[in-house]
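Hi,

Here is the structure I said I would pass on. Have a look at it first, and my notes follow below.

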Amino acid sequence: MHGEYKVPGGKLVVADVEVDGGRLARVRISGDFFLEPDTALEDIDAALVGMPESASAAHLAQAIGGALDGATMVGFTPEAVGIAVRRALGRATSWADHTFDVIHGAPVHPALNVALDQVIPEEVAAGRRGPTMRIWEWDAPLVVIGSFQSVRNEVDPEGLARHGMMVVRRLSGGGAMFMEPGNCITYSLVVPASLVEGLTFEQSYAFLDDWVLGALEEVGVRARYVPLNDIASDQGKIGGAAQKRFASGVVLHHVTMAYDIDATKMLEVLRTGKEKLSDKGTTSANKRVDPMRSQTGMAREDIITAFLDHFRRRYRTRESDYTAAELDRARELMETRFLTEEWTNRVP
């Protein structure tokens, strides 16, 4: 059985394994990594032989770490080897194992996008839809707060009313998002948990957004991932990610990148606006937070097109759209959950 794992920003690890009686009977690890001394590769193989077929990536990594005495691993880690072995055993999956539904629909009610981040994972978990990448489009301004944020601490009610904005609480954690139509680029990625098998939360953020760093480079932005959940360039922060892991075995990962935000308005609506501006390289409320527009010189629509083209070239995809049943379910959730005072103010 054969499995591969490319370490984000690192090297490729390949595992070829055989199983006998529920245990690893033969293991051969290879790749384009660096390892000193070279005899340590034999130690890695030997450490894995005899391990239970059901061992997690973490347990496999622990066995490898215990067998390496002073060895230097460059471009990979024991955890990376564990993930490659799990993929060989069919316990973990890779991008190549999936076909992704790609959705970029018409603008909808902003709260509908938040509700769809519950509906699409439900559909993926039920097997009615494959792993999905979707671009948000919305037709009204809103503030989307993290699942655990306090409304009182995050939002100025007078500023909110003055600018005709609403507050919606999303399922994932993280910070508040100041969103007007066309001022940022947001996407949601819904994948089976097997795709991030063996990765820590921090590693999974970088892993799931590795593709967008490549897409950013194609539009002229040299970006990097800044743990835990930020995407930044030399000019400052571009955007941030958030995740929700469902008990059904599905992961929701979404990212918002600033395209062209009215910083003055943002400061009037968000109580934490000044702090948010500080890590985006903006010191004046009269300036705009526009890393994607200023660094690319491209229209938002053209950047989205470039992103989707990159995603399609990189992974196996099929064009899709929301089904009538999905939209009906999302509208139901808007009314019964995401637009209710009980949900919005669950952390007052």
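To start with, which residue just after H1 takes a positive phi? That one is Gly50, with a phi of about 95 degrees.

Before the rest, some bookkeeping. This is a predicted model, where local features need pLDDT of at least 70 and side-chain atom pairs count only at pLDDT 80 or more, while totals for chains, interfaces and linings use all residues. Residues are numbered from 1 along each chain as its sequence is written, and side-chain values use heavy atoms, with hydrogens and water left out.

**Helix H1**

Staying with H1, its buried residues are Ala40, Ile44, Asp45, Ala47 and Leu48. They sit on the same side of H1, because the arc they cover around the axis is only 165 degrees (taken from the directions from the helix axis to the C-beta atoms). Glu42 and Ala46, on the other side of H1, are exposed. Here buried means under 20% relative accessible area, exposed means over 50%, and partly exposed is in between, with a 1.4 Å probe and protein chains only. The cover over the buried residues of H1 includes strand E3 (23-31), E4, helix H2 (57-67), strand E5 (72-74) and helix H3 (78-88), where contact means heavy atoms within 4.5 Å.

**Cis peptides**

Check the bond between Glu36 and Pro37, which is cis with omega at about -5 degrees. Pro37 is in the loop between strand E4 (34-36) and helix H1 (40-48). Another cis bond runs from Pro227 to Leu228, with omega near 5 degrees; Leu228 belongs to the loop between strand E12 (224-226) and strand E13 (230-233).

**Salt bridges**

The count comes to 22 salt bridges, each being a side-chain nitrogen of Lys or Arg within 4 Å of a carboxyl oxygen of Asp or Glu. Arg129 and Asp101 form one of them, at 3.0 Å from N to O. That pair links distant parts of the chain, 28 residues apart: Arg129 is in the loop between helix H4 (110-126) and strand E7 (132-135), and Asp101 is in strand E6 (residues 99-103). Both Arg129 and Asp101 are buried.

Glu123 and Arg128 also pair up, with their closest N and O atoms 2.9 Å apart. In that pair Glu123 is buried at 14% relative accessible area, whereas Arg128 is exposed at 60%. As for networks, salt bridges with shared partners join Asp101, Arg129, Arg318 and Glu326 into one.

Glu18 bridges to Arg26, with 3.7 Å between the closest N and O atoms. Glu18 is partly exposed at 42%, and Arg26 is partly exposed at 40%.

Cheers

Definitions and conventions
Helices (H or I, at least four residues) and strands (E, at least two) are DSSP runs, numbered from the N terminus.
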